[in-house]
Amino acid sequence: MPVALEELEKLIGTSFPGGRYTIEPYRHWLMTDAVGDTPTSSGPANPMEIYHGAMGGLGITLDELFALVGSSAADGPMFGEAEIEQVLPLRVGDTYDVRGGITGIVRKEGKSGVFDILTFKLELVNEAGEIAGISTNSFVFPRRD
């Protein structure tokens, strides 16, 4: 039986522990090479670091995130959508604080049955306290009897 929607809706506004993310030069080189960009290990960072930094600095594991909504990896959750917004340039070698939390949850029904969509937003904040990037993501949780 799915978790009651009223219980899930209470999660809206829940903050994640957050953390810090450093754009390590070797990781940036590997990531830019993997996405077909010119591999670099210094200078401006590829905007994909917003997503990597947000997820790396979430402060909880995906298993813990899934458990918040009464699910587990065995239930077959799926990645939903991702949106990144670069507010300020990121730099390789810089460290960012990551903060954010749950912004929404909706229950839908489709051909395959009932499912919940959890949305959360994470911000990368530079040393000056400015938001450098925003990553908004969702996961889809199938609900089976």
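Q: Before anything else, what does buried mean here?
A: Buried means under 20% relative accessible area, whereas exposed means over 50% and partly exposed lies in between. The model discussed here is a predicted one.

Q: Is Phe139 buried or exposed, and why?
A: Phe139 has a relative accessibility of 6%, so Phe139 counts as buried.

Q: Which residue does Phe139 pair with in strand S2?
A: The partner is Phe79, which lies in strand S2, while Phe139 belongs to strand S5, 60 residues apart. Their rings are edge-to-face, 5.3 Å centre to centre and with 90° between the planes. Phe79 itself is partly exposed, at a relative accessible area of 38%.

Q: How many aromatic pairs are there in the whole structure?
A: The search gives 7 aromatic pairs. One of them joins Tyr51 and Phe79 edge-to-face, at 6.3 Å centre to centre and 85° between the planes. This pair also spans distant parts of the chain, since Tyr51 sits in helix H3 and Phe79 in strand S2, 28 residues apart. Tyr51 is partly exposed, with 23% relative accessibility.

Q: Which residues do the ring pairs link into a cluster?
A: The cluster consists of Phe16, Tyr51, Phe66, Phe79, Phe120, Phe139 and Phe141.

Q: Moving on, how many residues are in the largest nonpolar core?
A: That core has 27 residues, and Phe16, Leu90 and Leu122 have the most contacts inside it. Helices H3 and H4 and strands S3, S4 and S5 each supply at least two of its residues.

Q: What is Leu122 in contact with, leaving aside its neighbours in sequence?
A: Beyond four places in sequence, the contacts of Leu122 include Phe16, Ala54, Met55, Leu58, Val98 and Ile134.

Q: And Glu49, where does that residue lie?
A: Glu49 lies in helix H3. Glu49 is buried and has no salt bridge.

Q: Why no salt bridge?
A: A salt bridge needs a side-chain nitrogen of Lys or Arg within 4 Å of a carboxyl oxygen of Asp or Glu. For Glu49, the nearest side chain of opposite charge is that of Arg27, 7.3 Å away.

Q: What about His28, buried or exposed?
A: His28 counts as buried, at 1% relative accessibility. His28 is part of helix H2, and its side chain reaches the backbone nitrogen of Asn46 at 2.9 Å. His28 also touches Thr40, Pro44 and Val92, among others.

Q: Back to charges: how many salt bridges does the structure hold?
A: There are 5 salt bridges. One of them joins Glu123 and Arg99, at 2.7 Å from N to O. Glu123 is in strand S4 and Arg99 in strand S3, 24 residues apart. Glu123 is buried, with a relative accessible area of 14%, while Arg99 is partly exposed at 42%.

Q: Which residues are linked in a network of salt bridges?
A: The network is made up of Arg107, Asp116 and Arg143. Asp116 meets Arg107 at 2.7 Å, N to O. Asp116 also bridges to Arg143, where the closest N and O atoms are 2.7 Å apart. Asp116 belongs to strand S4 and Arg143 to strand S5, so this pair ties together parts that are 27 residues apart in sequence.

Conventions:
Residues are numbered from 1 along each chain as its sequence is written. This is a predicted model: local features need pLDDT of at least 70, side-chain atom pairs count only at pLDDT 80 or more; totals for chains, interfaces and linings use all residues. Side-chain values use heavy atoms; hydrogens and water are left out. A nonpolar core is a set of buried Ala, Val, Leu, Ile, Met, Phe, Trp, Tyr and Cys residues joined through side-chain atoms within 4.5 Å. Buried means under 20% relative accessible area, exposed over 50%, partly exposed in between (1.4 Å probe, protein chains only). Helices (H or I, at least four residues) and strands (E, at least two) are DSSP runs, numbered from the N terminus. Contact means heavy atoms within 4.5 Å. Lys and Arg count as positive and Asp and Glu as negative; His and the chain ends are not counted. Rings of Phe, Tyr and Trp (its six-membered ring) pair if their centres lie within 6.5 Å; planes under 30 degrees apart count as stacked, over 60 as edge-to-face and the rest as tilted. A polar contact is a pair of N or O atoms within 3.5 Å; within protein, one must be able to donate a hydrogen and the other to accept it, and residues adjacent in sequence count only if both atoms are side-chain atoms.
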